[in-house]
Amino acid sequence: MTQQSDRYADLTPPFTWVALGMALALFMGASVAAADEWRVHPWTKAGDATTLFAETRKLASNGLPDGLIAENSEHKDILSAWYSAPTTRYGHSILGDGIEAGALVVKLGTGETRTLKLPDSAVFEDRYPRLADLDGDGTTEVITIRSSLSHGAAVTVYGLDGDVLIEKATTEFIGRSNRWLNIAGIARFSGTSGKEIAFVRTPHIGGTLFLYAYSNGQLRQTASLHGFSNHQIGSREMRLSAVVDIEGDGKMELALPSDDRSVLHIVGLADGKLLEVGSARLPGRIDKAIQVRGTGSDTRFVVGLDNSGIYEITR
């Protein structure tokens with residue numbers, strides 16, 4: 001912001017503060033209207049952090065020690081997916097230990113399983129795959145966080161070719177070892193029939209939120225915005241973000257923390273750009289799963305902070 005202020009420092013009347021605000025908004029590619037400031041209330045209802053933010057997915061009994069099973073509620077070509085083949089060959093320990101996955105397993109609608117094993121140069125630096133029909137063609141894609149031991153993380157999409165599990169598409173690796181990303185949500189952010197993948201690249205060192213669309217066997221970046229995090233380094237909790245519909249129009253928004261996790265931002269896609277549409281400043285840092293209650297004008301969030309506080313966020 002300092003550079004932008006310096007850019008306009010030599011302007012003289014009749015250049016007004018209103019004109020300055022409009023010029024800055026245009027410069028940033030944003031709307032002139034400010035984002036809504038949401039209200040923060042101490043949580044006074046029943047439920048403590050253990051119950052409010054509990055993980056409900058099942059552990060994969062033959063997978064990672066802390067790996068979870070993803071179940072499909074959309075299509076029946078792939079019923080579920082999980083990671084297997086635990087390995088310590090990476091040792092980044094971004095999720096609290098040095099054990100990552102060397103293979104991906106899917107359970108087919110027939111009840112059979114298929115396994116895809118990674119080469120020794122890569123791991124799945126992740127706790128659970130995500131299952132979604134990204135391109136609206138009636139088949140399921142499996143979305144993962146795959147890390148190269150030498151080039152860091154990427155989002156990689158797998159799917160079935162007949163009954164064989166294969167790689168379908170991938171983003172580029174970040175570019176160096178021990179650089180990670182965390183998937184923030186998969187939803188219809190643009191309002192089309194397809195779903196975009198939202199993820200935060202390097203959430204611990206100045207994170208950037210990216211949106212990628214999948215079509216014709218390729219992942220294509222559609223938007224990005226800097227200044228976010230959705231993970232606390234060393235934590236197993238990967239749900240520091242949530243997909244919401246604050247307008248009730250079927251076009252989804254994303255709620256996620258600022259880069260220092262002290263502000264909850266609500267971000268939406270408009271005219272091909274990610275814009276903040278709401279925010280709430282908190283008396284601590286978010287370190288637990290973001291809970292969504294209600295939809296449309298009744299959307300509320302429940303967040304847990306690193307100071308043990310629990311708060312409800314409303315319009």
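1. Basis. In this predicted model, local features need pLDDT of at least 70 and side-chain atom pairs count only at pLDDT 80 or more, while totals for chains, interfaces and linings use all residues. Residues are numbered from 1 along each chain as its sequence is written, and side-chain values use heavy atoms, with hydrogens and water left out.

2. Ser147. This residue lies in strand β9, residues 141-148 (strands are DSSP runs of E, at least two residues, numbered from the N terminus). Ser147 is buried, its relative accessible area being 0% (buried means under 20%, with a 1.4 Å probe and protein chains only). Its side chain makes a polar contact of 2.6 Å with the side chain of Glu125 (a pair of N or O atoms within 3.5 Å, where one must be able to donate a hydrogen and the other to accept it; residues adjacent in sequence count only if both atoms are side-chain atoms). Leaving aside residues up to four places away in sequence, Ser147 touches several others, among them Tyr90, Phe173 and Trp180 (heavy atoms within 4.5 Å).

3. The open sheet. It has 5 strands in the order β1-β19-β18-β17-β16, with mixed pairing (two strands pair if DSSP finds at least two bridges between them). β1 (36-37) and β16 (242-244) are at the edges with a single partner strand each, so one side of each has no neighbour in the sheet. β1 and β19 (residues 273-281) run parallel and are joined by 2 bridges. Asp36 has Gly278 as its bridge partner in β19.

4. Aromatic pairs. The whole structure holds 6 of them (ring centres of Phe, Tyr or Trp, the last by its six-membered ring, within 6.5 Å; planes under 30 degrees apart are stacked, over 60 edge-to-face, the rest tilted). Phe199 and Tyr212 are stacked because their planes are at 25 degrees, with centres 5.5 Å apart. This pair links distant parts of the chain, 13 residues apart: Phe199 is in strand β13 (residues 196-201) and Tyr212 in strand β14 (residues 207-215). Tyr212 also forms a tilted pair with Phe210, at 6.4 Å centre to centre and 50 degrees between the planes. Phe199 is buried at 3% relative accessibility, Tyr212 at 14% and Phe210 at 7%.

5. Other ring contacts. Tyr83, Phe124 and Tyr158 are linked into a cluster by ring pairs. The charged end of Arg57 sits over the ring of Tyr128, 3.8 Å from its centre (NZ of Lys or CZ of Arg within 6 Å of the ring centre and within 35 degrees of the ring normal).

Terms used: Helix = DSSP H or I, 4+ residues; strand = E, 2+ residues; numbered from the N terminus. Buried < 20%, exposed > 50% of the residue type's maximum accessible area, 1.4 Å probe, protein only.
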